[in-house]
Amino acid sequence: LELGLNAFDSAINYRHQRGERSLGEALQAAVGSGSVQRDEVIVATKGGFLSFDGAVPPDPQRFFQETFLAAGLLRPEEVAAGCHSMAPRFLESQVERSLENLQLETLDIYYVHNPETQLGEIEKEEFYRRLRAAFEKLEEMVSRGKIRTYGAATWNAFRVGDDAREAISLSRLVELATEVGGKDHHFRAIQLPLNLRMPEAIMARTQSLNGDRVSLLEAAEKFSLTVFASASILQ
């Protein structure tokens, strides 16, 4: 922060919430000392994966049952791959927990975390239906001041061809955001790996745009989306 690096990216499931909590402590210390102002920092985090609380509990099944199912945050059919959900009330709870962990009033970017995880179990139309409902909830949370913008943080979804099971259409995501948020929607950022070994964001024409095949970065530019690279030095 003191050297001018001001973009921080986390997720609720990183180190079972300890990642967010560590970042929150550091940010509070930096702002408290006056070395940086809150509005000089971009804080992004992600939700979608079910997370433990600080450490793996002795009985993980019981933890998930009590924390998510019994609490009414999730129904069993809303969980994919045993670990992922985009259910609106679940995402709302995750935003609130992330704000608490990070000691913030507002998140700058909130990503749906690896949504393609669900495509191993559900069909594309159901997948987009679930994403639409998630976007609707996130637009609501923007209006409540909990987040400023939202997006999708992916691993394979934007790097594979559209015939792949995990492929996601960026134009379809923008359509969904427009449906629930209007032309001034807050779907503003995406994230995907980009490094010397994983150059698909630049090199592969994975996206359809006005009848043409274009790269992910070309499509993102067309839609005025900010793109963040993950694994930029291959982890």
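Student: At roughly what angle do the axes of helix H4 and helix H5 cross, and within what distance do they come?

Tutor: Good place to start! Two packed helices are described by the angle between their axes and the distance between the axes. In this predicted model, the axes of H4 (residues 124–143) and H5 (residues 170–181) come within 9 Å and cross at roughly 45 degrees. That angle makes H4 oblique to H5. The crossing is right-handed.

Student: Which residues make the contact?

Tutor: H4 contributes Glu-125, Tyr-128, Leu-131, Arg-132, Phe-135, Glu-136 and Glu-139, while H5 brings Arg-172, Leu-173, Leu-176, Ala-177, Glu-179, Val-180 and Gly-181.

Student: How should I read an aromatic pair, and how many does the whole structure hold?

Tutor: A pair of aromatic rings is described by the distance of the centres and the angle of the planes. A search of the whole structure finds 10 aromatic pairs. In one of them, Phe-135 and Tyr-150 sit 5.2 Å apart centre to centre, with 50 degrees between the planes, and the pair is tilted.

Student: Which parts does that pair tie together?

Tutor: Phe-135 belongs to helix H4 and Tyr-150 to strand S4 (residues 147–153), so the pair ties together parts that are 15 residues apart in sequence.

Student: Which residues do ring pairs link into a cluster?

Tutor: Have a look at Phe-52, Phe-63, Phe-64, Phe-68 and Phe-90, which ring pairs link into a cluster.

Technical notes. Residues are numbered from 1 along each chain as its sequence is written. This is a predicted model: local features need pLDDT of at least 70, side-chain atom pairs count only at pLDDT 80 or more; totals for chains, interfaces and linings use all residues. Side-chain values use heavy atoms; hydrogens and water are left out. Axes are lines fitted to C-alpha atoms, for helices over the stretch in contact, and angles run from 0 to 180 degrees between N-to-C directions. Helices (H or I, at least four residues) and strands (E, at least two) are DSSP runs, numbered from the N terminus. Angles under 35 degrees count as roughly parallel, over 145 as roughly antiparallel, 65 to 115 as roughly perpendicular and the rest as oblique. A crossing is left-handed if the near helix is turned anticlockwise from the far one by less than a right angle, and right-handed if clockwise. Contact means heavy atoms within 4.5 Å. Rings of Phe, Tyr and Trp (its six-membered ring) pair if their centres lie within 6.5 Å; planes under 30 degrees apart count as stacked, over 60 as edge-to-face and the rest as tilted.
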